[in-house]
Amino acid sequence: MKTENNKGWFFVLPVLILVAFNALIPMMTVVNYSVQETFGDNVFFWQGLDWFEQILRSDRFHAALGRQFLFTFLILIIEIPLGIAIALAMPRKGFWVPVCLVTMALPMLIPWNVVGAMWNIFTLPDIGLLGYFFNHVLGIEYNMTQSPLAAWMTIVTMDVWHWTSLVVLLAYAGLVSIPDAYYQAAKIDGASNWSVFRYIQLPKMKNVLTIAILLRFMDSFNIYTEPFVLTGGGPGNSTTLLSIDLVKIALGQFDLGPAAAMSLIYFAITLLVSWLFYTLMTKDDLN
Amino acid sequence: MLSWMAWTWPTALVFIGIFSAIGVLTFLEIRQPGGDERKGVLGLTTTRGDRLFIALLGTSYIFLAWLGLVGQPVWWPLFISIGWGVFCFWKV
């Protein structure tokens with residue numbers, strides 16, 4: 001048997017301890033909460049799997065889950081093609097490269113709650129720039145505190161504004177790493193722009209796009225701050241996404257047991273989708 | 001010190017089970033490095049760790065599906081999960 005030097009693993013130890021404290025131990029606590037009932041004061045009563053049954057059968061959970069999938073689907077289907085298109089349009093060399101990159105990175109530097117507050121003010125019907133323009137210049141009624149459609153359009157637009165840059169930057173990084181020889185070969189063969197995109201650029205961007213889609217899926221599936229600040233889940237429950245509903249149950253109603261069960265189901269969904277996606281995207285590389 | 005974590009015996013046993021499984025895999029990996037990589041019936045290339053992950057993830061979904069569609073008690077999903085675990089380490 002070949003002996004290997006495994007001392008490198010000790011360097012991972014600090015990260016392991018950090019993750020244990022900020023993820024693993026809280027996670028285990030959530031598992032413990034999910035099978036118990038508490039009325040505070042650190043007194044717990046055994047409840048078994050009742051909360052899981054209750055959450056899995058509740059219409060409220062189904063509705064929030066449906067909204068969550070719709071939101072994630074919408075932003076992925078907009079942000080990924082848009083991000084690729086912008087990355088393709090960006091210059092590869094010269095003065096405009098840093099200008100484009102910095103401009104692209106700007107939205108991502110803004111804290112999430114500030115993004116929510118900005119869009120809230122931006123879309124106010126009477127004083128917000130966008131809201132005023134729609135209502136008083138174009139004459140289209142647009143009020144996200146009253147119309148669910150307007151609220152949805154606003155949160156989706158806000159997310160596109162905030163996070164398309166991430167896709168752009170990742171796709172751009174993939175694009176600039178393609179050697180010129182590929183383009184020259186394509187030119188000699190007389191390949192069309194579409195063929196160049198389909199057979200050179202897209203395959204070369206596959207890895208970064210996998211990461212981009214995964215990050216955008218996980219982030220959008222767990223999104224809380226921006227829609228919370230912008231709409232607070234309203235009007236009615238129309239923009240109450242999973243995390244907003246979860247916080248309402250956990251902190252608003254102080255139902256820690258059901259909230260814990262719900263967060264575990266939430267976690268299982270995120271984990272499965274991320275795993276499936278990653279496995280399917282990297283399957284061909286491994287074999 | 002750990003009272004805030006609200007431990008119960010069943011949840012503790014679940015975690016003891018998971019951590020011992022990881023421990024066993026670590027031991028096996030030291031004895032036979034390489035992770036026993038193979039291509040299984042699902043068309044995936046898996047190591048021992050992957051198979052444990054798939055077994056555990058599948059188990060959680062078997063239990064959740066049973067609780068949502070049928071309800072308690074959960075003896076049946078337990079047996080199905082054990083079967084699924086055996087299948088994962090055998091074929092996947």
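Which residue of chain B lies over the face of Trp90(B)? It is Lys91(B), at 5.1 Å from the ring centre. A charge counts as sitting over a ring if NZ of Lys or CZ of Arg is within 6 Å of the ring centre and within 35 degrees of the ring normal.

| Charged residue | Ring | Distance from ring centre |
|---|---|---|
| Lys91(B) | Trp90(B) | 5.1 Å |
| Arg198(A) | Tyr199(A) | 5.1 Å |

This is a predicted model, where local features need pLDDT of at least 70 and side-chain atom pairs count only at pLDDT 80 or more, while totals for chains, interfaces and linings use all residues. Residues are numbered from 1 along each chain, chains are lettered from A in the order written, and side-chain values use heavy atoms, without hydrogens and water.

Over all chains, the structure holds 18 aromatic pairs (rings of Phe, Tyr and Trp, the last by its six-membered ring, with centres within 6.5 Å). Tyr224(A) and Phe228(A) are stacked (planes under 30 degrees apart), because their ring centres are 5.1 Å apart and their planes lie at 15°. Tyr224(A) is partly exposed at 24% relative accessibility, and Phe228(A) is also partly exposed, at 41% (the class between 20% and 50% relative accessible area, with a 1.4 Å probe and protein chains only). One aromatic cluster is formed by Phe69(A), Phe217(A), Phe221(A) and Tyr266(A).

Note on methods. Rings of Phe, Tyr and Trp (its six-membered ring) pair if their centres lie within 6.5 Å; planes under 30 degrees apart count as stacked, over 60 as edge-to-face and the rest as tilted.
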